[in-house]
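Please open the structure in your viewer and keep the selection panel at hand. The tour below goes from one selection to the next and says what is there at each stop.

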2 protein chains.
Amino acid sequence: MAYKDNYPSKLLEEAVDAISSLPGVGRRSALRLALHLLKQPQENVHHFAKSIVNLRDEVRYCRECRMISDEDICSICADKSRDHNLICVVETVRDVMSIENTGQYHGIYHVLGGIISPINGVGPSDLTIRELVHRVSSAMDEGEGNRKLEVILALSGDVEGETTSFYIYRQLSQYDVKVTSLARGLGFGDDLEYADELTLGRSIVNRQEFRP
Amino acid sequence: MAYKDNYPSKLLEEAVDAISSLPGVGRRSALRLALHLLKQPQENVHHFAKSIVNLRDEVRYCRECRMISDEDICSICADKSRDHNLICVVETVRDVMSIENTGQYHGIYHVLGGIISPINGVGPSDLTIRELVHRVSSAMDEGEGNRKLEVILALSGDVEGETTSFYIYRQLSQYDVKVTSLARGLGFGDDLEYADELTLGRSIVNRQEFRP
């Protein structure tokens with residue numbers, strides 16, 4: 001049953017409007033959340049609102065990799081123990097967090113801030129591709145040609161991801177850098193029976209030496 | 001896979017902490033929502049936070065029925081065309097909205113603000129039961145004994161709801177009012193096969209005359 005938008009209070013209705021503007025939150029859930037907030041101590045609600053406003057107003061992005069950061073340079077870029085010859089290109093901040101959580105990567109990142117998508121009106125100039133090319137170019141200059149740089153394209157496997165990967169690959173072709181992309185195949189623990197044909201097909205073509 | 005709470009920014013972490021304090025919102029969803037808000041125009045985020053703070057700071061409750069209201073007296077209590085001899089007692093503001101949405105009720109309400117629950121430390125004095133008794137008593141005095149008042153106990157059917165109903169019933173027994181409760185039985189369209197035994201049993205005992 002849908003609520004007929006019959007709110008007993010304008011204030012409540014406005015709060016529900018605001019909360020239901022969040023992705024994946026319907027008006028019913030929004031009402032539940034608004035009434036929950038109403039029952040909380042006033043200072044908690046103020047703290048809740050303030051932490052969101054603070055995030056939006058005061059957030060900064062790393063000058064190097066465009067990752068969310070509290071400093072000019074993020075903790076990953078500032079970490080001298082990480083491999084600065086390995087740049088992993090990702091779409092979003094969340095992707096960085098996901099890869100960091102694997103504990104398997106010790107290079108640095110470059111956050112594009114999106115993906116090339118003509119349908120959504122996102123072109124190369126809306127992303128940080130120019131900054132990536134500039135980073136690569138500066139790094140090569142620094143190393144005076146002796147630097148072995150690798151750029152890993154860790155974008156999604158759909159058409160938009162492939163398009164973006166290809167665009168970046170072309171932009172970097174003028175430099176002497178190794179460009180790689182994520183391994184694709186069956187997930188660990190996946191059952192052959194349930195794999196889609198494309199993934200299974202690629203897994204066979206790109207088969208790897210068995211290392212027990 | 002759980003996030004290992006490895007946030008790139010303190011501001012982001014604080015916002016995620018705040019958002020994930022909402023019921024039914026995990027840290028993963030909270031991160032998604034925080035990053036969504038980060039991409040919105042600054043004024044939208046300010047408006048979002050402000051509408052929540054406004055609700056908490058400025059909300060009022062109807063002097064009569066304790067329903068959320070922008071005025072001293074809510075629109076339902078102020079509506080002279082409604083039957084003021086019919087008081088429907090409910091647990092929450094949402095219950096009022098649910099019953100209003102049925103379009104089947106034309107009396108007024110009384111919002112308890114909760115339910116008697118010793119486990120959660122909620123006793124009769126934490127609810128608006130005294131106010132309900134006072135309303136009934138005043139109404140009877142006004143009518144000089146000629147008023148036919150009915151109090152409908154529309155509380156949930158669990159032990160706490162039954163306890164609260166019984167407590168209110170006892171409190172009202174000193175007045176000449178009719179006390180009723182919601183009809184319970186199979187839902188419309190329910191299949192006998194899937195009904196629980198208690199509901200089905202009660203449905204048989206409380207069977208009604210067939211009115212085609």
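Begin with the largest pocket, whose volume is about 750 Å³. Of the 24 residues that line this pocket, select A:Leu182, A:Ala183, A:Arg184, A:Gly185 and A:Asn206, which are the closest to its centre. On a 1 Å grid over the protein atoms alone, a pocket is an open set of points with protein on both sides within 12 Å along at least five of seven lines, whereas a cavity is a set of points where a 1.4 Å probe fits but cannot get out; lining residues have an atom within 4 Å of a point. Points are joined across faces, edges and corners, and the volume is the space filled by probe spheres set on them.

A word on the model and its labels before moving on: this is a predicted model, in which local features need pLDDT of at least 70 and side-chain atom pairs count only at pLDDT 80 or more, while totals for chains, interfaces and linings use all residues. Residues are numbered from 1 along each chain as its sequence is written, chains are lettered from A and ligands numbered from 1 in the order in which they are written, and side-chain values use heavy atoms, with hydrogens and water left out.

Staying with the pocket, select α7 (159-172), β6 (178-181) and α8 (197-205) of chain A, each of which supplies at least two residues of the lining. Helices (H or I, at least four residues) and strands (E, at least two) are DSSP runs, numbered from the N terminus. The largest share of the lining, 5 residues, belongs to α7(A). Coloured by class, the lining shows 9 nonpolar, 11 polar and 4 charged residues, where Ala, Val, Leu, Ile, Met, Phe, Trp, Tyr, Cys and Pro count as nonpolar, Asp, Glu, Lys and Arg as charged, and the others, Gly among them, as polar.

Next, show the strands of chain A, where an open sheet of 4 strands runs in the order β4-β3-β5-β6 with parallel pairing; two strands pair if DSSP finds at least two bridges between them. At its edges are β4 (107-111) and β6 of chain A, each pairing on one side only. From one strand to the next the twist averages 25°. Strand β3 (residues 83-90) and strand β5 (residues 150-153) of chain A are joined in the parallel sense over 4 bridges, and A:Ile87 has A:Val151 in β5(A) as its bridge partner.

Move to chain B and select B:Glu150, which stands opposite B:Lys178 in β6(B). Strand β5 (residues 150-153) of chain B pairs with β6(B) in the parallel sense over 4 bridges. Helix α6 (residues 159-172) of chain B lies across β3, β5 and β6 of chain B, at about 165° to β5(B).

To find its lining, select A:Ile19, A:Leu22, A:Leu37, A:Phe48, B:Leu22, B:Phe48 and B:Ile52. By class, this lining has 7 nonpolar, no polar and no charged residues.

Finally, display both chains: how are they related? A rotation of 180° with 0.0 Å of shift along its axis superposes chain A on chain B, with an RMSD of 0.1 Å, by least squares on the C-alpha atoms of residues with pLDDT of at least 70 in both copies. This is the relation of a two-fold axis. In chain A, the C-alpha nearest the axis is that of A:Ala49, 2.4 Å from it.

Technical notes: Contact = heavy atoms within 4.5 Å. Axes fitted to C-alpha atoms, helices over the stretch in contact; angles between N-to-C directions.
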